[in-house]
Amino acid sequence: NTVCGVAGASCNIMTMRSSNVDGVDQLQLRVRVPPVSGPGDVAISVEYVRVQIGIWAPKSVRSTMSFFRPLPVVQSVRWCHVCKSANARTCIVMGSCGGGKAPL
């Protein structure tokens, strides 16, 4: 069963992989968590619910995810020695500068 803290939110286990590292059994989960409205820490937990009858120890894990709003970053800058338009308000037109040169 998948239970989310937000009604109608999409959360689930995307992949699950078990392995043994140095004699220790490990379980790796990739989860999809509901979106958050702003930056901050959000507690998450995963609990295994066993449907079979028998002796077993409950398995659960709790952690915190930190959500943040990244600072704006300039992805690309291009400029021209000579602008394409006469008033110099538009330097790059259809991918080229004045005189048909490629932007730098």
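Which residue forms a disulfide with cysteine 83, and how far apart are their sulfur atoms? The partner is cysteine 91, with 1.8 Å between the two sulfurs; a disulfide here is a pair of cysteine sulfur atoms within 2.5 Å.

A word on the model before the views. This is a predicted model, in which local features need pLDDT of at least 70 and side-chain atom pairs count only at pLDDT 80 or more, while totals for chains, interfaces and linings use all residues. Residues are numbered from 1 along each chain as its sequence is written, and side-chain values use heavy atoms, leaving out hydrogens and water.

**View 1. The disulfide of cysteine 83 and cysteine 91.** For reference, buried means under 20% relative accessible area, exposed over 50%, and partly exposed in between (1.4 Å probe, protein chains only).

**View 2. The disulfide of cysteine 80 and cysteine 97.** Searching the whole structure turns up 2 disulfides, and in this one the sulfur atoms sit 1.9 Å apart. The pair links distant parts of the chain, 17 residues apart, with cysteine 80 and cysteine 97 each in the segment after β4. Strands are DSSP runs (E, at least two residues), numbered from the N terminus. The link is left-handed, with -70° about the S-S bond. Cysteine 80 and cysteine 97 are both buried.

**View 3. Threonine 90 and its contacts.** Threonine 90 lies in the segment after β4, a strand that spans 59–67. Leaving aside residues up to four places away in sequence, threonine 90 touches Cys83, Lys84 and Ser85, where contact means heavy atoms within 4.5 Å. Why is threonine 90 classed as partly exposed? Because its relative accessible area is 38%.

**View 4. Alanine 102 and histidine 81.** These two residues are 21 apart in sequence, yet their C-alpha atoms are 9.8 Å apart in space. Alanine 102 is in the segment after β4. With a relative accessible area of 58%, alanine 102 counts as exposed.

**View 5. A nonpolar patch on the surface.** Patch residues have over 30% relative accessible area and no salt bridge (a Lys or Arg side-chain nitrogen within 4 Å of an Asp or Glu carboxyl oxygen), and nonpolar side chains are joined within 5 Å. Strands β1 (12–21) and β2 (24–32) each give two or more residues to the patch. Isoleucine 13, found in β1, is partly exposed at 44% relative accessible area.

How values were computed. Helix = DSSP H or I, 4+ residues; strand = E, 2+ residues; numbered from the N terminus. Patch = residues over 30% accessible without salt bridge, like charges linked within 9 Å, V, L, I, M, F, W, Y side chains within 5 Å. Areas by Shrake-Rupley, 256 points an atom, 1.4 Å probe, with all protein chains shown as cover.
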